[in-house]
Amino acid sequence: MNTHIPKVVGLKLKRQSRVLQVNFDDNQSLDISCELLRVYSPSAEVQQHGSPVLVTHKKNVNIKAIEAVGNYAVKLVFDDGHDTGIYSWEVLYRLGSQQTQLWQDYLARLKAEHGSREGLIPITLII
C-alpha cells in the first residue's frame, strides 16, 4: 500500500471566504474552511491525548497569520487567539481530503452535545 503524503507547494488564504487553499505537489488543490482547521486543530489543547474536546462557536473564525515550521508544516494563528497547532503536510492533506466526513462528524457531535457553531455575543460590563 502506498502511503505517500503529497507535499504542500503553496498556501493561499482567502480571508473573505474564510478558506485556506492548499496546493500539493501531486497537482491537487484542496480548499479547507478556517472553521474546520480550527475545530480539528492538532494542538494538545484540542486533541487532549486522544480524547479531543469539542470546539464550539467558531463559525466566523479566520486565520490571522501563517508561519512556516521547517519544511514539513505550518503554524496557523487564528483570530480567536488560538496559535498552538502545528499543521504538518500530512494533517493538512487528511483534513482536506476527508473534510466532508470530518464536517459531518463535527456537526453530529455538536448536535449530540448541544453545542453551537455561532459566535458568542460579547458582553460589555458598565460599572
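Before anything else I wrote down my burial scale: buried is under 20% relative accessible area, exposed is over 50%, and partly exposed is in between, with a 1.4 Å probe and protein chains only.

**Ground rules.** I'm looking at a predicted model, where local features need pLDDT of at least 70, side-chain atom pairs count only at pLDDT 80 or more, and totals for chains, interfaces and linings use all residues. I number residues from 1 along each chain as its sequence is written, and side-chain values use heavy atoms, with hydrogens and water left out.

Entry 1: I started with His114, which is exposed at a relative accessible area of 73%. His114 sits in the segment after H4; helices (H or I, at least four residues) and strands (E, at least two) are DSSP runs numbered from the N terminus. Its phi is near 55 degrees, a positive value in a residue other than glycine. Arg18 also has a positive phi, of about 55 degrees, and isn't a glycine. I found Arg18 in the loop between strand S1 (8-14) and S2, and at 31% relative accessibility it counts as partly exposed.

**Entry 2: the sheet.** In what order do the strands of the open sheet run? I read S1-S2-S3, three strands with antiparallel pairing; to pair, two strands need at least two bridges found by DSSP. S1 and S3 are at the edges with a single partner strand each, so one side of each has no neighbour in the sheet. From one strand to the next, the twist averages 20 degrees. I checked S1 against S2 and got six bridges in the antiparallel sense. Leu11 is opposite Val22 in S2. H3 packs on this sheet and touches S1, S2 and S3, its direction making about 80 degrees with that of S3. For such angles, axes are lines fitted to C-alpha atoms (for helices over the stretch in contact), and the angles run from 0 to 180 degrees between N-to-C directions.

**Entry 3: helix H3.** I looked up which residues of H3 (residues 89-97) are buried and noted Trp89, Val91, Leu92, Leu95 and Gly96. Down the helix axis these fall within an arc of 160 degrees, so they line one face of H3. The arc is taken from the directions from the helix axis to the C-beta atoms.

**Entry 4: aromatic pairs.** I searched the whole structure and got two. The rule: ring centres of Phe, Tyr and Trp (its six-membered ring) lie within 6.5 Å, and planes under 30 degrees apart are stacked, over 60 edge-to-face, the rest tilted. Phe24 and Tyr93 are edge-to-face, 5.3 Å centre to centre with 85 degrees between the planes. This pair links distant parts of the chain, with Phe24 in strand S2 (residues 19-24) and Tyr93 in helix H3, 69 residues apart. Trp103 and Tyr106 are tilted, at 5.5 Å and 40 degrees. Both lie in helix H4 (residues 99-112), three residues apart, about one turn of the helix.

**Entry 5: the core.** Which residues have the most contacts inside the largest nonpolar core? I got Leu37, Leu76, Tyr87, Leu92 and Leu95, in a core of 26 residues. Such a core is a set of buried Ala, Val, Leu, Ile, Met, Phe, Trp, Tyr and Cys residues joined through side-chain atoms within 4.5 Å. Beyond four places in sequence, Leu37 touches residues including Leu20, Ile32 and Ile63; contact means heavy atoms within 4.5 Å.
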